[in-house]
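Open the model in your viewer and keep the selection tool at hand. This tour goes from stop to stop and says what to look for at each.

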Amino acid sequence: MEMVYRRSIHDYHVGDVSVFTKTITETDVALFGAISGDFYPIHFNEELAQKTRFKGRIAHGVITVGLISTVLGVPLQGPGTCCAVERELVTRFLLPVRFGDTITAKATVREVITERHLVRLNLSCTNQNNEEVLSGSAEIKVLKEVVSEE
């Protein structure tokens, strides 16, 4: 398998946007619980969740962060590339994500520091009602060289 690092720091520009949209399902929450071991009742017990301030079950917040990871990957860097690593990821949960919510994750380049090969981004996730459920920022380090592996 050949992996090609195609994007350089010069391919990133202030204002570039990367977007990914996904509807959160019962299966997503069940799989995340199985993978992480997080079976906290707010995600799995409707009767208990009804008694909380959320008035029902909600998805794990980290699932929404996973959508951010997606936009920092292929949509931002391009298909077939592996050219940047996350150095910092800061998120703030604003609203709960419920089963059936369609979440759009967005990363917007706010700064490119060419000499240090750094890209700083603003992050947001909104639901189908255009309500922001997550905000944050990220910094990625762009690899300095174009490399090919076979």
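Select His117. Is His117 buried or exposed? His117 counts as buried because its relative accessibility is 15%; buried means under 20% relative accessible area, exposed over 50%, and partly exposed in between, with a 1.4 Å probe and protein chains only. His117 sits in the loop between strand E4 (102–113) and strand E5 (118–126). Its phi is positive, about 60 degrees, although His117 is not a glycine.

A word on the model: it is predicted, local features need pLDDT of at least 70, side-chain atom pairs count only at pLDDT 80 or more, and totals for chains, interfaces and linings use all residues. Residues are numbered from 1 along each chain as its sequence is written, and side-chain values use heavy atoms, with hydrogens and water left out.

Next, select Lys55. Lys55 is not a glycine either, yet its phi is positive, about 60 degrees. Look for Lys55 in the loop between helix H3 (46–50) and helix H4 (61–71). Lys55 counts as exposed because its relative accessibility is 55%.

Now go to E5 and strand E6 (residues 132–142). They run antiparallel, joined by 9 bridges; two strands pair if DSSP finds at least two bridges between them. Select Leu123: opposite stands Gly136 in E6. The hairpin of E5 and E6 has 5 residues between the strands. Select Asn130 in this hairpin, where phi is positive and near 60 degrees.

Move on to the largest pocket. Select Ile58, Phe93, Leu95, Pro96 and Val97, which lie nearest its centre among 14 lining residues. A pocket is found on a 1 Å grid over the protein atoms alone: it is an open set of points with protein on both sides within 12 Å along at least five of seven lines, where lining residues have an atom within 4 Å of a point. The space in the largest pocket is about 200 Å³. Which element gives the largest share of the lining? H4 does, with 3 residues. By class, the lining has 10 nonpolar, 3 polar and 1 charged residues.

Finally, show the whole protein chain. Count 5 helices and 7 strands; these are DSSP runs, helices (H or I) of at least four residues and strands (E) of at least two, numbered from the N terminus. From the N terminus, the order is β-β-α-α-α-α-α-β-β-β-β-β. Of the 150 residues in the protein chain, 37% are buried.

Definitions and conventions. 1 Å grid on protein atoms, 1.4 Å probe; cavity = no way out; pocket = protein on both sides within 12 Å on 5 of 7 lines; lining within 4 Å. Points joined across faces, edges and corners; volume = space filled by probe spheres on them. Nonpolar A, V, L, I, M, F, W, Y, C, P; charged D, E, K, R; others polar.
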